[in-house]
Amino acid sequence: MTERTPHTGSYYAATRHDENDRPSLQDHIEADVCIVGAGFTGISSALHLAEAGFKVVVLEAARIGFGASGRNGGQLVNSYSRDIDTIERNYGAELGKALGDMAFEGGNIIRERIEKYNIDCDYKPGGIFAAFNKKQMLELTEQKALWERYGHTGLELLNQDGIREQINSNVYVGGLLDHTGAHIHPLNLLLGEVAAFESLGGVVYEDSKVTEVVRTDAPVVKTAHGQVTAKYVLMAGNAYMSGLIPELAAKSMPCGTQIVTTEVLPDDVAESLIPNGHCVEDCNYKLDYYRVTGDNRLLYGGGVTYGGGDPASIENFIRGHLENTFPQLRGVKFDYAWGGDFLLTMSRLPQFGRLTPSIYYVQGYSGHGVTTTHLAGRLVAEAMKGHAERFDAFGQLKHFPFPGGRLFRVPYTAVGAVYYGLRDKLGI
Ligand SMILES: Cc1cc2nc3c(=O)[nH]c(=O)nc-3n(C[C@H](O)[C@H](O)[C@H](O)COP(=O)(O)OP(=O)(O)OC[C@H]3O[C@@H](n4cnc5c(N)ncnc54)[C@H](O)[C@@H]3O)c2cc1C
């Protein structure tokens, strides 16, 4: 028996609703679709495909939700990491409209699934983008107009008094409240989706790291002790794929970001921080994001480490950020601290495509992937059912390697981030 990989030391892993191990692959089997990676991209696709009657097998190197999907801030942020206006500007009105029309679909898929499969994942509505200066406020005003052009309603600009009513902190000048933003316990959402997938006959193998994908017409996906022959394969390993597919690794870069959760706070303290229970992300280039969990902890994340991995002490790193936002929590005890990697692309737009007609990939959500992974799952299933128009619309986005190549891309990108960070501080 293969030794089981432990989960991360996250708050999510400690409070997950399903602690059952899945077996590791020890056989040669066949499936309609083999998916590599049991995060939101893989499982969202698997569930859409199983609902459509496909026989689907998911191979996971470690545990379900071991990657970013089981570690993230849990914020359902609408649209993409680069907004629709960038797509309109660089690719024209037609592609802008095609992708803009899909920008709010991922959040709806999540809500539909929670309802349909009765998934208990601490769903709470409302997401706030918080501005530190006038320039960021102006950008939020433009974002509201842009999203409204694409039919997204429920957006509310907050002035300084308005944001003080939402967040008990002095550091912001205003913000934008998206009433259809939301937050969740991401690992419990994912495990709920896995349960739905398994109830439809789907199978997930854990501790089954894919070591090779043979690019034949019916591709063969190999692990140390087994293999799957499938009509279609989906590569959904995102930042954790470590060069398995070199052409994908060249055009993306893993980046780390870290989170802490405090001890359980008394009801009145927890309620006083964010009285309406929304989640918050600020507008800085290297942003902080936070929310109060279902059991009254402040969950606070921030920072980016280019190239992936964590700083020496996550607690020290995040404490300064947290106490700057909420000085009233100075010295609060942290119960959990962890990091995770997301996958950055040069354009900050996601990468959808095929390596061969039967091997698909989706990756590179650039820090905002909870909703887009769910959209991606639907589009992958549509494409494998023979309706690839919406998947191929994303495939039209062009992706380039980071400047500096494998050796210098990290320092080059870090220098760029210092520049943007400085602009944030100066409000220019
Ligand atoms: C700390 C953190 C906070 C974040 N906060 C937010 C947020 O609040 N809101 C938001 O929208 N986005 C957030 N993100 C981004 C979001 O979590 C990701 O975009 C999204 O989860 C990506 O999902 P995925 O399934 O593509 O990848 P992952 O969840 O990383 O899953 C990939 C899986 O593939 C497996 N795998 C890799 N290689 C192999 C292999 N060879 N064989 C088999 N399996 C393999 C991995 O073990 C992993 O489980 C955050 C990310 C991080 C790291």
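Helices α2 and α12 cross in a right-handed manner. The model is predicted. In it, the axes of α2 and α12 lie 8 Å apart, and the packing angle is about 40°. That angle makes α2 oblique to α12. An angle over 145 degrees would count as roughly antiparallel, and one under 35 degrees as roughly parallel.

Which residues make this contact? From α2 come F40, T41, S44, S45, L47, H48 and L49. From α12 come V370, T373, H374, A376, G377, R378, V380, A381 and M384. The contact of α2 with α12 holds 8 nonpolar, 7 polar and 1 charged residues.

Now turn to the ligand. The shell around the ligand counts 44 residues, and G37, G39, G67, G73 and G369 come nearest. By class, the shell divides into 20 nonpolar, 20 polar and 4 charged residues.

Where does the ligand sit relative to the domains? Both domain 1 and domain 2 give residues to the shell, so the ligand lies between them.

Domain 1 takes in 11-71, 187-251 and 350-397. Domain 2 takes in 124-183, 253-344 and 401-428. Their centres, taken over C-alpha atoms, are 28 Å apart. Domain 1 brings 16 residues to the contact, and domain 2 brings 13. On the side of domain 1 that touches domain 2, 7 residues are nonpolar, 7 are polar and 2 are charged.

Helix α3 spans residues 84-91, and helix α4 spans residues 93-100. Their axes are 7 Å apart, at an angle of about 155°. α3 is therefore roughly antiparallel to α4. The crossing of α3 and α4 is right-handed, as is that of α2 and α12.

What does each helix bring to this contact? α3 supplies I84, I87, E88 and Y91. α4 supplies A93, L95, G96, L99 and G100. The residues of this contact divide into 6 nonpolar, 2 polar and 1 charged.

α2 and α12 pack at about 40° with axes 8 Å apart. For α3 and α4, the angle is about 155° and the axes are 7 Å apart.

Key
Residues are numbered from 1 along each chain as its sequence is written. This is a predicted model: local features need pLDDT of at least 70, side-chain atom pairs count only at pLDDT 80 or more; totals for chains, interfaces and linings use all residues. Domain bounds come from an automatic or database domain assignment. Two residues are in contact if their C-beta atoms, placed from the backbone, lie within 7 Å. Ala, Val, Leu, Ile, Met, Phe, Trp, Tyr, Cys and Pro count as nonpolar, Asp, Glu, Lys and Arg as charged, and the others, Gly among them, as polar. A residue is near a molecule or strand if its C-beta atom, placed from the backbone, lies within 6 Å of it. Axes are lines fitted to C-alpha atoms, for helices over the stretch in contact, and angles run from 0 to 180 degrees between N-to-C directions. Helices (H or I, at least four residues) and strands (E, at least two) are DSSP runs, numbered from the N terminus. Angles under 35 degrees count as roughly parallel, over 145 as roughly antiparallel, 65 to 115 as roughly perpendicular and the rest as oblique. A crossing is left-handed if the near helix is turned anticlockwise from the far one by less than a right angle, and right-handed if clockwise.
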